[in-house]
Amino acid sequence: MPLSRRGLLTTTAAVASLPACAATTTRHRPETLRTGFENLAAKSYAPLRGKKVGLVTNPTGVTRDVRHIVDVMHADGRVNLTAVFGPEHGFRGTAQAGGSEGRYDDPATGLPVYDTYLKNGRPLADVFTASGVDIVVFDIQDVGARFYTYIWTLYDCMEAARLAGRPFLVLDRPNPVTGRAAQGPVLHREFASFVGRQPIAQAHGMTVAELARLFNKEFLAAPVELDTVLMSGWKRSEFYDASGLPWVPPSPNMPTPDTALVYSGTGLFEGTNLSEGRGTTRPFELLGAEGIDRRWAAAAERVGLPGVHFREAYFTPTFSKFQGKTVGGVQIHVHDRAAYDPVRTGVALLVTAKKVWSGFSWRSDNWIDKLTGSTLVRTMIDAGADTDEVVAGWQEELAAFRRMRKKYLVYG
């Protein structure tokens, strides 16, 4: 039976929801890598002994058999967990982007849960003080991008713990997209926001414990009393599937490690009028808008970016931009993760989208400047610069950040 155009587009959208990023699965034996929490528990929670413990965490704070560490610690007589602090999306993960769960008592444990989202400085310090905890512990899975807010929850909580006179302990987890190199533009302080508090690279190439050490020495008004429990068995060159750990989506639109792989580049489309794939099963891998056709994928493919191909795709977001409308665009297919540069790829997609689609525009609030950390990317693309010219524009600042970053790397 012949397909109508609507039927063809619906079929194409369904195919577009299939996994896009090629990955070689090379899992460790489960006991090879141990997270910071696993090493803390193996030491009988020694750094927490005799203290009332407050834990900053979300659904990613799990053991390898997917028990939440709040539940594990609450049931363990060796540790006195007395409060939980939830970030954006909440402790149990019930809130969408830009939301949180507020203050409540956790039904599973009875523990008080406090909301940290959009709090910092003295107001957040007052939350720590009111909770009565003696030490603040952080355990959240990051994805390696400057504009992913959990690292700034880390920063804000470190500063607030200092103001409240509480020590701070970070439990480390892998950077899922490796810790090989920092990539992309560096934030300018005048563009600081919750998607970038301090001047680090767009793809920072660090773990949360390494970032905590950098924040403490380079950016906090004064150092907090900081301790870190490192992983054992993690190598900087490894992607998440080598860890043997379960993947729990850190946020509703970060469903797989494949999403994390592309996010530090395609997250920039939040600063445009194009859909970044929210409301589909492949957010940040599917990009598009009404009026875009096959020419965008063809233009992106001609750039010759390493490790990635682009396919013409059609999809219908169930929420967010273009909700309920069929849009055209691209699906990103990463075929060589080691060669792939997500930030360069994101810039190339912005450049080519603007060239092939007359409807392209930046968000009216210039949110792109917050995401990239300055006006450089937006103004260069508007002036007609190509991908290589835009990327060249941030190399000096990136080299300076890489020199600073090197002092805080603790894994080989």
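Colleague: Is Arg278 buried or exposed?

Modeller: In this predicted model, Arg278 has a relative accessible area of 15%. The cut-offs are under 20% for buried and over 50% for exposed, with partly exposed in between (1.4 Å probe, protein chains only). Arg278 is therefore buried.

Colleague: How are residues numbered, and at what pLDDT do side-chain atom pairs count?

Modeller: Numbering runs from 1 along each chain as its sequence is written, and side-chain values use heavy atoms, with hydrogens and water left out. Totals for chains, interfaces and linings use all residues of this predicted model, local features need pLDDT of at least 70, and side-chain atom pairs count only at pLDDT 80 or more.

Colleague: Good to know! Which side chain makes a polar contact of 2.4 Å with the side chain of Arg278?

Modeller: Arg278 sits in the loop between helix 7 (257-266) and strand 10 (286-289); helices (H or I, at least four residues) and strands (E, at least two) are DSSP runs numbered from the N terminus. The Arg278 side chain makes one at 2.9 Å with the side chain of Glu276. The partner at 2.4 Å is the side chain of Glu270.

Colleague: Now helix 7: why is it largely enclosed by the rest of the structure?

Modeller: Its buried residues pack against strand 8 (201-203), strand 10, strand 12 (327-334) and helix 9. Among those buried are Leu261, Val262 and Tyr263. Helix 7 is largely enclosed because its buried residues number nine of the 10.

Colleague: How are helix 7 and helix 9 oriented to each other?

Modeller: Their axes come within 6 Å and cross at roughly 55 degrees; axes are lines fitted to C-alpha atoms, for helices over the stretch in contact, with angles from 0 to 180 degrees between N-to-C directions. Under 35 degrees counts as roughly parallel, over 145 as roughly antiparallel, 65 to 115 as roughly perpendicular and the rest as oblique. Helix 7 and helix 9 are therefore oblique.

Colleague: Lastly, what is the relative accessible area of Ala209?

Modeller: Ala209 belongs to helix 6 (residues 208-218). Beyond neighbours within four places in sequence, Ala209 is in contact (heavy atoms within 4.5 Å) with Val170, Asp172, Thr228 and Leu230. Ala209 is buried, and its relative accessible area is 0%.

Key
Polar contact = N/O pair within 3.5 Å; in protein donor to acceptor, adjacent residues only side chain to side chain.
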